[in-house]
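Please look through the sequence and the 3D structure shown below before reading on.

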Amino acid sequence: MEKIELSKVIHKELLMVGSKATTKAAIISELAKILEEQNFISSAEHFITDVYLREEEGETGIGQGVAIPHGKSAAVKETTVAIAVLDKEIEWETLDGETNYIESSKN
């Protein structure tokens, strides 16, 4: 297995603080657009489709106000991480089967 260095997958241009997204769909779209604008993926639309395919396999909310939506996609040009801190909580399904809320930056 290839070792991934964090300094190669975390980029300041992919860190978003104060997102105004109010739904799961909105934040996934917002993050995909940033990934496309920064040339880490070739198509936000294709990538979003693949993220939702992964969501069908199981929830990506891990609890305590954190979710990690992701997916395998041919649209990915370079492995990376896009991170958002929200202004308001978003309802998100979690691994424990409970509906939780992804935390906002104002907590």
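Salt bridges that share partners bring Lys24, Glu55 and Glu93 together in one network, a salt bridge being a side-chain nitrogen of Lys or Arg within 4 Å of a carboxyl oxygen of Asp or Glu. Between glutamate 93 and lysine 24, the closest N and O atoms of the salt bridge are 2.7 Å apart. Glutamate 93, at 35% relative accessible area, is partly exposed.

The model is predicted, so that local features need pLDDT of at least 70 and side-chain atom pairs count only at pLDDT 80 or more, while totals for chains, interfaces and linings use all residues. Residues are numbered from 1 along each chain as its sequence is written, and side-chain values use heavy atoms, with hydrogens and water left out.

## Other salt bridges

The structure holds 4 salt bridges, and one of them joins the side chains of lysine 20 and aspartate 87 at 2.3 Å, N to O. Lysine 20 is exposed, with 64% relative accessible area, whereas aspartate 87 is buried at 14%.

## Threonine 60

Threonine 60 counts as buried because its relative accessibility is 3%. Its side chain makes a polar contact of 3.4 Å with the side chain of tryptophan 92, a polar contact being a pair of N or O atoms within 3.5 Å, where, within protein, one must be able to donate a hydrogen and the other to accept it, and residues adjacent in sequence count only if both atoms are side-chain atoms.

Methods: Buried means under 20% relative accessible area, exposed over 50%, partly exposed in between (1.4 Å probe, protein chains only).
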